[in-house]
Amino acid sequence: MVGRVHPFTFHNPTRLIFGRGQLSALEQEVPRGASVLLVYGGGSVKRPLAGGTSLYDGVLAHLSNVGATVTELSGVEPNPRLTTVRRGVDLCREHGVDLVLAVGGGSVIDCAKAVAVAAASDRDAWDLILDRSLVTGALPLGVVLTHAATGSEMNPISVITNWETSDKRGWSSPFAYPRFSILDPTFTLSVPRDQTAYGIVDMMSHVLEDYFDFTPNTPLQDRWSEGLLRTLVEVGPRLVADLSDLDLRETVMLCGTWAFNGVLSMGREGDWACHRIEHAISAVHDIPHGGGLSIIYPHWMEYVLEAHPARFAQLATNVFGVSALHRRDADVAREGVARLRAFWNSLGAPARLSHYGIGAEALPRIADLSTLRGETFGTVRPLGRDDALRVLERSL
Ligand code: NZQ
Ligand code: ZN
């Protein structure tokens, strides 16, 4: 949209509790005697930490200190499923839960958000996800983050997959903000190299999604975005080379939260086409979100950059140091795309759909799912179904 910075109201109610040794804050945040639904994933929270006990043990100890009763929703899948959300809602009703506590990465938090809003409603969770105007409240939600990636710990967004209908839906509601989020980088030390790389790709993609639009007069937002990207370009390779570096884990953790907590989108609309296409891929192929973005994003950039070459050239120059001297914007932009792709690949993130065994025969269905609701999507260059197919074909 051309014009001016969009008027905006900024309000983020999540209390961010950041740094090492902060888990004990649970005892201030969880009301005495609360009935807590503890939500976690496939078991990473039960691995012993440096001191011998696990994060799971630590959380239970703090909850016990405040006399909380605990019901567990475990086994939340990466790309969390509606069936698991419904299981969580049933547990909330059965046990009179009054606080939902997510301990995990984006999938666990997103599942917990959907449980929290559906448990406060008479309607089925999927109805609320399809029509957020039906969301009228939520159980309070707390988070202990274990994976730096999505920013879900400080935003009102959740992404849930209805596996029966191959529909992976992002939804948001002001009721879905976590009330508090505890971010101790120590808990991310065990994230393996591939997931660490995917997390960096995802947070960089969030910055890029807001960066690519036509809103004029965003010099401050641009510098924030470029600064965040440059920070990740600097620390990302060092972190994947030494996953035990807590200082780097800490920096990346803060980047992930800041990339998608609403600050960078102030006054601008963003593009978000790549997220739409990636969600369509992982709705049927169940691949890691950051892995899908690492493949799609550079191909999308090459497909659309002629629509706004100056913007893509700005990224190339200000983030990757590409020289613009006596060169066309589009050429500078293309070199920037090559640098971004090479950077993500150097971290260990993939470049082609074949990495996940996805071939040409799968693409028409993914293109259909990208435009499930029939409309075009994206702002730099509005894409229809055939455009999505072209981007996917380039990504094979
Ligand atoms: O399930 P566990 O055992 O916990 O293992 C997880 C999972 O296998 C593992 N992991 C997490 N913390 C760990 C760890 N392994 C070792 N040590 C730790 N400390 O990592 C794997 C991936 O976890 P997941 O939560 O799925 O990753 P991520 O945080 O990237 O979340 C991805 C989901 O979030 C959605 C994605 O679409 C996807 O469904 N998104 C959510 C957004 C939001 N709410 O704002 C925005 C994003 O754009 C994204 O779409
Ligand atoms: Zn994302």
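A polar side-chain atom of H206 lies 2.8 Å from an oxygen atom of ligand 1 (polar contact: a pair of N or O atoms within 3.5 Å). The model is predicted: local features need pLDDT of at least 70, side-chain atom pairs count only at pLDDT 80 or more, and totals for chains, interfaces and linings use all residues. Residues are numbered from 1 along each chain as written, chains are lettered from A and ligands numbered from 1 in the order written, and side-chain values use heavy atoms, without hydrogens and water.

Two further polar pairs involve ligand 1. A polar backbone atom of G43 is 3.1 Å from an oxygen atom of the ligand. An N or O atom in the side chain of S152 is 3.2 Å from a nitrogen atom of the ligand. Alone, ligand 1 exposes 960 Å², of which the protein buries 90% (Shrake-Rupley areas, 1.4 Å probe). Two or more residues of the shell come from each of α4 (106-119), β6 (157-162), α6 (193-211) and α9 (273-285) (DSSP runs: helices H or I, at least four residues; strands E, at least two; numbered from the N terminus). There are 33 residues around ligand 1, and G42, S44, G106, S107 and S190 come nearest (near: a heavy atom within 4 Å). The shell divides into nine nonpolar, 20 polar and four charged residues (nonpolar: Ala, Val, Leu, Ile, Met, Phe, Trp, Tyr, Cys and Pro; charged: Asp, Glu, Lys and Arg; polar: the others, Gly among them).

Helices α6 and α9 also pack against each other. Their angle is about 135 degrees and their axes are 9 Å apart (axes fitted to C-alpha atoms over the stretch in contact; angles from 0 to 180 degrees between N-to-C directions). The two helices are therefore oblique (under 35 degrees is roughly parallel, over 145 roughly antiparallel, 65 to 115 roughly perpendicular, the rest oblique). D202, S205, H206 and E209 of α6 meet A273, C274 and H275 of α9 (contact: heavy atoms within 4.5 Å).

A second pair is α10 (residues 289-304) and α12 (residues 329-347), at about 175 degrees with axes 10 Å apart. These helices are therefore roughly antiparallel.

Note on methods
A polar contact is a pair of N or O atoms within 3.5 Å; within protein, one must be able to donate a hydrogen and the other to accept it, and residues adjacent in sequence count only if both atoms are side-chain atoms.
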